[in-house]
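Have a look at the structure first, then read on.

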Amino acid sequence: MGAGHRTVGADQAAGASHPRSAATKRAWIAMHAAVGAAILFVACSSGSDDTASEPVPPATSEESVDTSVPDATSTTGVPASSDSIEADDPAVSPAISFASDVQPILEDNCASCHTADGPGTAHLAMETAGDVDGFDAEYIDAVIDVGYMPPWPAADGDVAFHDDRRLDPADIATVAAWVADGSPLDVDPTTPIEPTRTTRTVIDRDIVLQAEPYKGDTTDPDDYRCQIYDPGLTEQSWVQGYGIEADVAEVVHHALLFRASADARESAEASDAADPAVGWSCTGLAGIGGRGAVNQILSWAPGQDPTQLPADTGIEMQPGDFFVMQIHYHYEPVFADLAPDLSTLVVDMADQAAIDAAGGALDPIDLRIYLGPAEIPCSTEEVGPLCDRDASVTELQSRSGTLGAFAADGLNAACGTTPADYAHMTTGIASSTCTLPTQTGRIVSIWGHQHELGKSVKMTLNPGTPGERVLLDIPNWDFDWQLDYRPIEDIVLVPGDRVQIDCVWDRSRMDEDAEPRYVLWAEGTDDEMCYFQIVTRPA
């Protein structure tokens with residue numbers, strides 16, 4: 001029980017957030033027309049309300065949070081609403097053709113996600129020209145005008161990344177002008193919209209492993225379930241790509257993937273046998289004790305594409321090695337009738353030509369995690385017994401065991417802070433900062449993570465020195481779009497390098513029916529994190 005089996009099927013909508021209704025689309029457009037780009041962006045962001053402009057707490061630099069409401073012009077220089085485009089503006093053609101002007105933009109930037117089995121199809125299908133006229137055209141204009149689509153939360157900064165999905169300002173203006181003109185079609189509505197390039201990372205599906213069906217219940221709203229995914233390796237192999245395809249996306253909060261050596265198999269099977277349900281409960285990590293190496297190789301969260309490693313790098317696997325995947329399921333009463341989850345692991349194995357080209361062995365990768373405290377006091381407007389930190393720690397321990405208190409207090413100790421450093425953060429906005437030594441090597445990718453109260457994340461290399469560089473800045477956190485960012489240039493971490501991580505949270509994003517409480521660092525959906533990863537290869 002619990003061992004994954006091989007199966008081959010169509011790509012699933014990995015990383016897709018929950019489908020938006022037509023009523024939600026209309027609400028977005030109404031906000032777009034009434035209050036401008038900033039408020040619409042927040043409305044799109046997992047239902048959060050981010051319009052307040054509280055002062056930034058002292059622990060976080062002003063650059064890491066943008067709480068201002070922009071004026072009528074967006075940062076790209078494109079008008080914030082199609083209504084503001086002047087008919088006599090020489091930069092805008094008076095007659096925009098869907099066929100020659102708009103359709104190529106959609107096919108080049110949107111269609112790979114919004115056609116066939118792409119993750120955006122559940123929200124808005126773009127199979128034909130008729131799918132994108134009328135009201136849907138206004139919707140498309142709104143979300144691209146404010147930068148919510150195509151999804152790219154990272155801000156411009158010191159590091160440029162591969163596969164930047166943002167539209168060119170001229171393309172945004174073209175779509176806006178077409179919509180302002182009534183979104184006329186000069187093609188048959190049945191004309192297919194076909195992707196001319198992919199904006200998603202696609203890996204070879206050499207091994208496809210599906211777990212045993214699993215369904216938890218609302219008595220355990222934050223359920224951490226591990227299962228064995230066995231690739232059945234009989235010879236030395238190298239993993240070059242891997243991805244997690246969430247099945248029941250409504251309840252899959254995040255997943256961690258571990259490579260386990262053959263020596264750990266007995267321990268994993270014992271954990272499986274000891275739990276009467278599918279797989280085994282594994283709060284924290286893989287939940288495997290005893291012999292054998294178990295190393296985390298992947299963190300997955302909504303919006304994240306598969307990982308494709310550089311051609312001459314990989315993860316070495318020996319005969320009998322296997323994977324363990326921990327999935328964090330978050331069950332609420334509304335999800336009680338959903339089907340069991342069948343999330344899938346897809347693995348791209350290096351072919352012999354790639355191994356030979358690398359001299360017989362691929363460069364290994366090193367995934368390193370950087371954690372900062374999450375201490376989020378109740379605001380002065382909130383009252384309740386769990387607003388006391390000690391009471392909240394006790395409640396957290398009842399849900400997650402001693403790990404909850406250990407993580408909160410241990411991260412403060414590692415970062416040289418105490419709960420008293422956060423006690424003044426009672427405006428509803430809280431923040432933390434921590435500076436940590438880095439691993440060495442050439443950066444392959446960078447990833448930041450928070451939960452649903454997240455407002456912004458930022459990682460800075462060697463802060464306060466002449467070589468200071470912002471590695472990643474996400475000023476408007478969106479839980480639905482947690483992307484890997486791969487620097488274009490070579491950035492090499494050397495001994496003595498340090499990174500500063502900054503996280504900001506906004507309590508207004510909390511469920512309005514939730515009991516007021518002091519929020520701490522923990523794995524639960526209603527808890528919070530300040531979490532970063534850097535993947536490197538040998539320099």
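At 14% relative accessibility, Cys113 counts as buried, because the cut-off for buried is under 20%. Keep in mind that what you're looking at is a predicted model.

So what is the sulfur of Cys113 up to? The closest cysteine sulfur is in Cys110, 8.6 Å away, and that's too far for a bond. Cys110 is tucked away too: with 9% relative accessibility, Cys110 counts as buried.

**The cysteines that do pair up**

How many disulfides does a search of the whole structure find? It turns up four. Number the bonded cysteines in sequence order and the pairing reads 1-2, 3-4, 5-6, 7-8. Cys110 stays out of this, as it is in no disulfide.

| Pair | S to S distance | Torsion about S-S | Handedness |
|---|---|---|---|
| Cys226 and Cys282 | 2.1 Å | about 100° | right-handed |
| Cys378 and Cys387 | 2.1 Å | about -85° | left-handed |
| Cys503 and Cys530 | 2.1 Å | 85° | right-handed |

Let's take them one by one. A disulfide joins Cys226 to Cys282. Cys226 sits in strand β3, while Cys282 is in the loop between β6 and β7, so this pair ties together parts that are 56 residues apart in sequence. Both Cys226 and Cys282 are buried.

Next come Cys378 and Cys387, which form the left-handed link, with a torsion of about -85°. Are these two buried or exposed? Cys378 is buried, with a relative accessible area of 7%. Cys387, at 19% relative accessibility, counts as buried as well, because the cut-off is under 20%.

Then there's the link between Cys503 and Cys530. Cys503 lies in strand β20 and Cys530 in strand β22, so the bond ties together parts that are 27 residues apart in sequence. Cys503 has a relative accessible area of 0%, and Cys530 has a relative accessible area of 0% too.

**Two helices**

Now for helix α7, which covers residues 265–274. Its buried residues are Arg265, Ser267, Ala268, Ser271 and Asp272. Why are they on the same side of α7? They cover an arc of only 165° around the axis, and that is what puts them there. In general, an α-helix has 3.6 residues a turn, so residues three or four places apart point the same way. On the other side of α7, Glu266, Ala273 and Ala274 are exposed. And what do the buried residues of α7 pack against? Their partners are the strands β3, β6 and β10.

Helix α5, residues 135–145, is mostly covered, with nine of its 11 residues buried. Among them are Tyr139, Ile140, Val143 and Ile144, but also Asp136, Asp141 and Asp145. After α5 comes Gly147, which has a positive phi, near 85°.

**A sheet of four strands**

Four strands form an open sheet, and the order is β13-β22-β16-β19, with antiparallel pairing. At the edges are β13 (366–372) and β19 (492–493), each pairing on one side only. Strand β16 and β19 are paired over two bridges. In β19, Val492 is the bridge partner of Arg442.

**Cores and the whole protein**

The largest nonpolar core has 78 residues, and those with the most contacts inside it are Phe98, Met459 and Leu471. Leaving aside neighbours within four places in sequence, Leu471 touches a set of residues including Val159, Phe161, Ile443, Met459, Ile491 and Ile534. There's also a second, separate core of 35 residues, which includes Val239, Met317, Met349 and Val535.

Zooming out, the protein has 10 helices and 22 strands. Of its 539 residues, 53% count as buried. Among contacts between residues at least 6 apart in sequence, 84% join residues at least 24 apart. Finally, the accessible surface comes to about 22,200 Å², and 53% of that belongs to carbon and sulfur atoms.

Terms used: Residues numbered from 1 in each chain as written. Predicted model: local features only at pLDDT ≥ 70, side-chain atom pairs only at ≥ 80, totals over all residues. Heavy atoms only, no water. Buried < 20%, exposed > 50% of the residue type's maximum accessible area, 1.4 Å probe, protein only. Arc of directions from axis to C-beta. Contact = heavy atoms within 4.5 Å. Pairing = 2+ DSSP bridges. Areas by Shrake-Rupley, 256 points an atom, 1.4 Å probe, with all protein chains shown as cover. Core = buried A, V, L, I, M, F, W, Y, C linked by side-chain atoms within 4.5 Å. Disulfide = S-S within 2.5 Å.
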